[in-house]
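Dear colleague,

I am passing on the structure below, and after it you will find what came out of going through the contact between its chains.

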Amino acid sequence: MTEHRDYAGGKLGMWLFLFTEILLFGGLFLLYAAYLHRYPADFNAGGKQLDVVLGAANTVILITSSFTVAASITALRLGETTRCLWLLAATVALALGFLVNKFFEWSAKFGHGIYPGSEHLMRLPPGENLFFGLYYAMTGLHGLHVLIGATLLTVTAALVRRGRVTQGNFGLLENAGLYWHLVDLVWIFLFPLFYLIA
Amino acid sequence: MSDAQNDAGSHPLSYRFLAGIWAALLALTALTISVARVDLGFFNVVVALGIASLKSALVIFFFMHLKYENRTIKTMVLVAFVVLAICIGLTFSDVGFRR
């Protein structure tokens with residue numbers, strides 16, 4: 001029995017799924033934009049409390065991981081399986097680095113009494129409270145996507161290793177890569193909105 | 001030749017080309033951080049979102065391979081972003097002008 005594969009259909013389905021993700025984050029960006037419009041000064045005060053260096057480091061990490069995952073697809077299609085696995089390992093390592101950074105960033109904020117529902121936040125002006133609410137909701141949802149993406153890439157790497165995802169059957173790696181690039185895309189907008197312009 | 005290779009059409013992108021896109025993304029990140037240090041008022045938002053859009057275009061067209069996909073996928077992506085733009089536009093036609 002020959003295995004049936006639908007490469008083009010799989011890719012189409014992945015893009016359709018990505019659209020639901022784009023609209024999900026799009027809705028949150030819209031909420032952010034509406035409140036930035038209403039409370040520009042409070043958002044500015046909130047944004048000044050975020051660490052630009054940590055945010056920039058995480059931007060560089062995600063952009064680099066987007067590059068390594070794109071390169072891993074090239075490696076697999078050229079039949080360089082070992083290089084593909086190293087590039088995927090690098091991508092997952094960068095994803096974990098991102099989460100470690102996020103952990104330290106959130107811990108520092110918690111240490112200053114800034115966490116959802118904290119008394120400190122309740123005493124702040126309403127716009128600043130909203131800013132941090134959106135900060136935790138949006139970077140939290142994004143962080144969850146980083147975790148899911150890293151898991152997906154680990155599973156894909158295991159399948160590459162076992163010869164189930166190969167030079168002639170690379171659809172899964174490509175779709176996992178698409179998901180990972182989406183995670184990068186969302187951060188490309190989160191970083192300037194929260195850390196730079198607010 | 002397998003189906004996958006037929007469907008994939010184009011050759012895989014070279015490492016050198018992908019590294020070029022990566023370098024461009026890093027340069028744009030450096031640019032957006034330095035521009036944010038200059039106070040341009042409202043234009044800070046415009047410039048930051050402009051640079052972010054340029055970066056996403058690089059990711060979508062090259063890393064996500066959209067430039068080399070067929071017309072169906074290209075049209076679908078366009079429709080998704082137009083829908084998002086309509087949502088944002090309609091919301092701001094209300095929020096932006098409410099008295």
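**The interface of chain B and chain A**

Chain B and chain A bury about 4100 Å² between them, 80% of it on carbon and sulfur atoms, where buried area is the accessible area (1.4 Å probe) that two parts lose on being put together, summed over both. This is a predicted model, in which local features need pLDDT of at least 70 and side-chain atom pairs count only at pLDDT 80 or more, while totals for chains, interfaces and linings use all residues. Residues are numbered from 1 along each chain as its sequence is written, chains are lettered from A and ligands numbered from 1 in the order in which they are written, and side-chain values use heavy atoms, with hydrogens and water left out.

To the contact (heavy atoms within 4.5 Å), chain B brings 47 residues and chain A 45 residues. One salt bridge is counted between the two chains, the term standing for a side-chain nitrogen of Lys or Arg within 4 Å of a carboxyl oxygen of Asp or Glu; it joins the side chains of Glu69(B) and Lys11(A), at 2.6 Å from N to O.

Lys11(A) lies in helix α1 (residues 7–38) of chain A, helices being DSSP runs (H or I) of at least four residues, numbered from the N terminus. Lys11(A) counts as buried because its relative accessibility is 6%, the cut-off being under 20% relative accessible area (1.4 Å probe, protein chains only). Leaving aside residues up to four places away in sequence, Lys11(A) touches Glu174(A), Asn175(A), Leu178(A), Glu69(B) and Ile73(B).

With regards

Terms used: Helices (H or I, at least four residues) and strands (E, at least two) are DSSP runs, numbered from the N terminus. Buried means under 20% relative accessible area, exposed over 50%, partly exposed in between (1.4 Å probe, protein chains only).
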